[in-house]
Amino acid sequence: MHTFQPYPADLIEFDPFTKIGKEWMLVTATDGKKVNAMTASWGGVGVLWGKNTAFIFIRESRFTRELIDASDYFSLTFLPSAHKSAMKYFGAISGRDEDKIKNAKMNVNYHQEIPFIDEGNLVICCKKMSATPLLPEQFLDPEIEQAFYANGDYHIMYVGEIVQILAR
């Protein structure tokens, strides 16, 4: 397998609606002791505060959220479609209960201190810039809370500066 190489942000061809919404991504973080990854299909990329950024939404109850909160960095790994069953597994099982990465027969790699899943073909490494809880009083569309938050498990929006893009 080829190694990852830095990839210039201005050359990337990236359809976020397909890549994030349909193919999904693995959000990976560490607290310095444990590394965990979870499947995500909500997020995007763009420019904010004068920087290239990625933004993701993680429910308060997720173990990966605790690791993101404990770190300055997180990564977004995009995997080939052959790994779709592993992506479903990463979304269904909690990293509190088991080593999901090991059990999915995947491996952790690092860009400096930022962990990512080595089986990917595109990685976006981010430095955390903000964490904003989504609260019910902020929803302008009354259907949002009923459709997505009936159990009260709200998301936190994380915005990260893209510090490196890696591709195979």
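This is a predicted model: local features need pLDDT of at least 70, side-chain atom pairs count only at pLDDT 80 or more; totals for chains, interfaces and linings use all residues.
1. Six of its six residues are buried, so β6 is largely enclosed by the rest of the structure. Tyr 73, Ser 75 and Thr 77 point one way from the strand, while Phe 74, Leu 76 and Phe 78 point the other way. In a regular strand, side chains alternate between the two faces of the sheet. Both sets of β6 side chains belong to buried residues.

2. Two strands paired with β6 are β2 and β9. β2 runs antiparallel to β6, and three bridges join them. The pairing of β6 with β9 is also antiparallel and has six bridges.

3. Ser 75 deserves a separate look. This residue lies in β6 and counts as buried because its relative accessibility is 0%, where the cut-off for buried is under 20%.

4. Next come strands β7 and β8. β7 covers residues 108-111 and β8 covers residues 114-117; they pair in the antiparallel sense over four bridges. Asn 109 stands opposite Phe 116 of β8. The two strands form a hairpin with two residues between them. Gln 112, in the turn, has a positive phi of about 55 degrees.

5. Helix α2 spans residues 63-70, and its buried residues are Phe 63, Thr 64, Arg 65, Leu 67 and Ile 68. Which strands do the buried residues of α2 pack against? They pack against β2 (25-30), β3 (35-40), β5 (51-59), β6 (73-78), β9 (122-133) and β10 (155-167).

6. The last point concerns the surface. Leu 48, Trp 49 and Met 129 make a nonpolar surface patch of about 280 Å². Leu 48 lies in strand β4, residues 43-48. Is Leu 48 buried or partly exposed? Its relative accessibility is 32%, so Leu 48 counts as partly exposed.

Note on methods. Residues are numbered from 1 along each chain as its sequence is written. Side-chain values use heavy atoms; hydrogens and water are left out. Patches are made of residues with over 30% relative accessible area and no salt bridge: like charges are joined within 9 Å, nonpolar side chains (Val, Leu, Ile, Met, Phe, Trp, Tyr) within 5 Å. Accessible areas come from the Shrake-Rupley method with a 1.4 Å probe; for residues, only the protein chains shown count as cover. A salt bridge is a side-chain nitrogen of Lys or Arg within 4 Å of a carboxyl oxygen of Asp or Glu. Buried means under 20% relative accessible area, exposed over 50%, partly exposed in between (1.4 Å probe, protein chains only). Contact means heavy atoms within 4.5 Å. Two strands pair if DSSP finds at least two bridges between them.
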